[in-house]
Amino acid sequence: MNLEAMGQRAKVAASVLMKLGNQQKNQVLMQISDALKANAEKIVSANQQDLDNARTQGMSDAMLDRLALNEARLMAIAEDVCHVTQLADPVGSELESRVLDNGMRLSRRRVPLGVVGVIYEARPNVTIDIASLCLKTGNAAILRGGKETLRTNLVIVEVIQQALAQAQLPKECIQYIDDPARERVSEFLRMDKYVDMIIPRGGEGLHRMCRENSTIPVIIGGFGISHIFVDASANQQKSLDVIENSKTSRPSTCNSLDTLLVDAAIAPEFLPKLAQRMNQAGVQLVAEAKALEFLQSAKGVRKADEQSDFDTEWLSLVLSVKVIADIDEALNHMREHNASHSDAILTESLNHAQRFMNEVDSAAVYVNASTRFTDGGQFGLGAEVAVSTQKLHARGPMGLDALTSYKWIGVGDYLIRN
């Protein structure tokens, strides 16, 4: 595999894509959606091989869930590709326009980024999501998934490339690095001559490696400890419903709840109720000393290691619990323990709700709502590229706009500068 050649072909493909209108791009996406459905058996079969291999390697249930792509999931993902065609195409839109004193009409116009590189782990739906969003915005993409999904991803990319060829577009609009060697990632991260942005999707280690080794701008996201603070004024029954949803609706996702902070004023009453609810949901609790006093009825509860457990993104049916004195201690805890992704307060206090919204510096902050809403589809963005937890270029769920840049357009009448 020659990554230099892949980069060259991607650059050429991007120059073709940037000329396409919205109708042409939508037609290609519909063809890809149809092709995914038509090849469902082939894709699911490849995924089953990946799953069997992952089980043999001792992969956790949480990671197996991320890896799994049954026919129902595949059909839903193919439908998501159709939904992308219904979204407004940001490319070509004007962000602002004005006429300067010298007579020049100056505007800012959205344009594709060019070539997007994505490095990700496990979830094969990312392959389809990235391809559809990149094509909708006129970007070429070079993808590198994890070795645990290699068979699935190769079949998916083959199907996408066949649909591109049928639409008379370069198949190199979407390319896949099929060499799982780690050295390929290091090489990929230095292809700044061809790749305009790197988006890693995976654990903290992957993001750190990209940040430290890339010569290409990197969007950091997808990792962060998600918290819920149960204020003393909160409706306890409704709070239990939100906590259960945040933790159990799909625990392997990055927006699932990791740490629960409970105001000390309600801990003796609330935590036994939490233990009962989490027992029913099959959630293991990891509690610091104060919380542990009130969680003795919880199945499998253990004492938390304060040096590590409150910095762990569980991605499974495990929940850290801590009793805190008040909202000030809750905010301090979150600042110390990487609250950067999705965090919520459950409260009936308008003052505490306002403080939480203003002082929690996360990509998505909620009042009386589940952390599971941090998702491009839930936000009305369509499929998402990633959830960015940094502050430059894009933040939160990254939809179509996040895959564009802009350029200045100046129009004069043979105008010269004095």
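Which residue in β16 is the bridge partner of arginine 108? The answer comes at point 2, after a word on the model.

1. **About the model.** This is a predicted model, in which local features need pLDDT of at least 70, side-chain atom pairs count only at pLDDT 80 or more, and totals for chains, interfaces and linings use all residues. Residues are numbered from 1 along each chain as its sequence is written, and side-chain values use heavy atoms, with hydrogens and water left out. Helices (H or I, at least four residues) and strands (E, at least two) are DSSP runs, numbered from the N terminus.

2. **A sheet of three strands.** Start with the open sheet whose order is β1-β2-β16, where the pairing is antiparallel. Two strands count as paired if DSSP finds at least two bridges between them. β1 (94–99) and β16 (404–411) are the edge strands, each with a single partner, so one side of each has no neighbour in the sheet. From one strand to the next, the twist averages 20°. β2 (residues 105–112) pairs with β16 over eight bridges in the antiparallel sense. Here is the answer to the opening question: arginine 108 has tryptophan 408 as its bridge partner in β16.

3. **A sheet of seven strands.** Now look for the open sheet that runs β10-β9-β11-β8-β7-β12-β13, with parallel pairing. Its edges are β10 (302–303) and β13 (364–367); each has a single partner strand, so one side of each is left without a neighbour in the sheet. β7 (residues 227–230) and β8 (residues 259–263) pair in the parallel sense over four bridges.

4. **Helices packed against α7.** Axes are lines fitted to C-alpha atoms, for helices over the stretch in contact, and angles run from 0 to 180 degrees between N-to-C directions. Angles under 35 degrees count as roughly parallel, over 145 as roughly antiparallel, 65 to 115 as roughly perpendicular and the rest as oblique. The axes of α2 (residues 22–38) and α7 (residues 150–166) come within 9 Å and cross at roughly 135°, and the two helices are therefore oblique to each other. α3 (residues 40–56) also packs with α7, at an angle of about 160° and with the axes 7 Å apart. α3 and α7 are therefore roughly antiparallel.

5. **Another helix pair.** α10 (residues 236–248) and α11 (residues 267–281) have axes that come within 10 Å and cross at roughly 40°. This pair is therefore oblique as well.

6. **The largest pocket.** α5 (71–85) and α6 (125–136) each supply at least two residues of the lining, and α5 gives the most, with five. By class, the lining has nine nonpolar, 11 polar and 10 charged residues. Here Ala, Val, Leu, Ile, Met, Phe, Trp, Tyr, Cys and Pro count as nonpolar, Asp, Glu, Lys and Arg as charged, and the others, Gly among them, as polar.
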